[in-house]
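Me: I have a protein model to go through. Could you take me through its overall form, its helices and its aromatic rings?

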Amino acid sequence: MTPHNEAAKGDYAATVLLPGDPQRAEWMAKTFLEAPRCVNRRRGALGFTGLYRGRPVSIQATGIGVPSFLVYVHELLDFHGVKTLIRTGTCGGLTPNVPLRSVVISQSVRAESERSGQVFGLYDAAAGPDPGLYAYALACAAQLGIDYQAGLTICSDVFYHPEGRARFAEAQTLGALAVDMETSALYRLAAHFGARALSLLTVVDNIVTDELTAYSERQALFTDMARLGLEVAAEG
């Protein structure tokens with residue numbers, strides 16, 4: 001066990017999907033996995049392991065933001081020996097051309113600030129998705145008929161920012177599709193440990209149009225992202 005996770009060695013599969021929300025982790029496990037078992041309940045950060053198309057896959061909630069994400073993912077990599085990480089998270093669209101409920105595949109990530117981009121100065125090497133996982137996700141999304149876009153995303157440590165939407169002006173000029181709060185940490189931490197990583201994000205709001213999905217639908221609208229993540233986990 002680790003200080004934040006009650007799972008024992010061997011409880012996690014080599015591939016782990018990483019939603020932020022524990023309720024989403026539970027929904028994904030019960031909806032898509034065969035014989036899911038809960039391997040972690042500590043602090044409410046639910047983790048599950050089961051089978052998807054005959055292959056062991058785990059799902060572990062990480063909470064909100066880089067600090068929480070670093071704790072859970074570091075322990076998955078360092079203690080549990082996980083080799084592949086697929087974030088199944090939420091994001092806000094930064095252009096009107098990124099519709100609500102669609103999926104954004106992060107081809108590269110730019111942090112909102114130098115400090116968050118370096119994960120607090122600890123892991124400062126540039127990093128991105130695993131090329132094989134990324135290529136397979138594009139092919140699989142097209143095959144499944146999923147509404148998706150792939151490209152640059154932004155990672156921010158701050159949800160309620162005093163500058164509001166104005167803080168994203170530079171990122172929008174660079175063509176950024178969306179903003180989330182964990183992808184920079186995912187790619188950099190995975191690179192540090194020599195693991196493979198990919199970030200898949202469902203658009204739950206749009207910062208330009210002020211559109212917002214209802215929380216009551218935020219399990220059903222993750223179906224496409226969950227299916228895509230699991231297919232990549234099974235074959236990628």
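Reply: The answers below concern the model shown above. It is a predicted model, in which local features need pLDDT of at least 70, side-chain atom pairs count only at pLDDT 80 or more, and totals for chains, interfaces and linings use all residues. Residues are numbered from 1 along each chain as its sequence is written, and side-chain values use heavy atoms, with hydrogens and water left out.

Me: How many helices and strands are there in the protein?

Reply: The protein has seven helices and nine strands. These are DSSP runs numbered from the N terminus: helices are H or I with at least four residues, strands are E with at least two.

Me: And how compact is the protein?

Reply: Its radius of gyration is 16 Å, close to the 18 Å from the globule rule for 236 residues, so the protein is as compact as a globular protein of that length. The radius is taken over C-alpha atoms, and the rule is 2.2 Å times the number of residues to the power 0.38. Along the principal axes, the C-alpha trace spans about 45 × 40 × 35 Å.

Me: What percentage of the residues is buried?

Reply: Buried residues make up 54% of the 236. Buried means under 20% relative accessible area, exposed over 50%, and partly exposed in between, with a 1.4 Å probe and protein chains only.

Me: Changing topic: where does helix α6 lie, and how many of its residues are buried?

Reply: Helix α6 covers residues 183-193; eight of its 11 residues are buried, so the helix is largely enclosed by the rest of the structure. Among the buried ones are Y187 and R188. Just after α6, G194 takes a positive phi of about 75°.

Me: Which aromatic pairs turn up?

Reply: A search of the whole structure finds two. Rings of Phe, Tyr and Trp (its six-membered ring) pair if their centres lie within 6.5 Å; planes under 30 degrees apart count as stacked, over 60 as edge-to-face and the rest as tilted. W27 and F32 have ring centres 5.5 Å apart and planes at 90°, so this pair is edge-to-face. F159 and Y160 are also edge-to-face, at 4.8 Å centre to centre and 75° between the planes.

Me: Are W27 and F32 buried or exposed?

Reply: Both W27 and F32 are buried, whereas both F159 and Y160 are exposed.

Me: Which charged residue sits over the ring of F222?

Reply: The charged end of R24 does, 4.4 Å from the ring centre. K9 lies over the face of F79, at 3.9 Å from the ring centre. The criterion is NZ of Lys or CZ of Arg within 6 Å of the ring centre and within 35 degrees of the ring normal.
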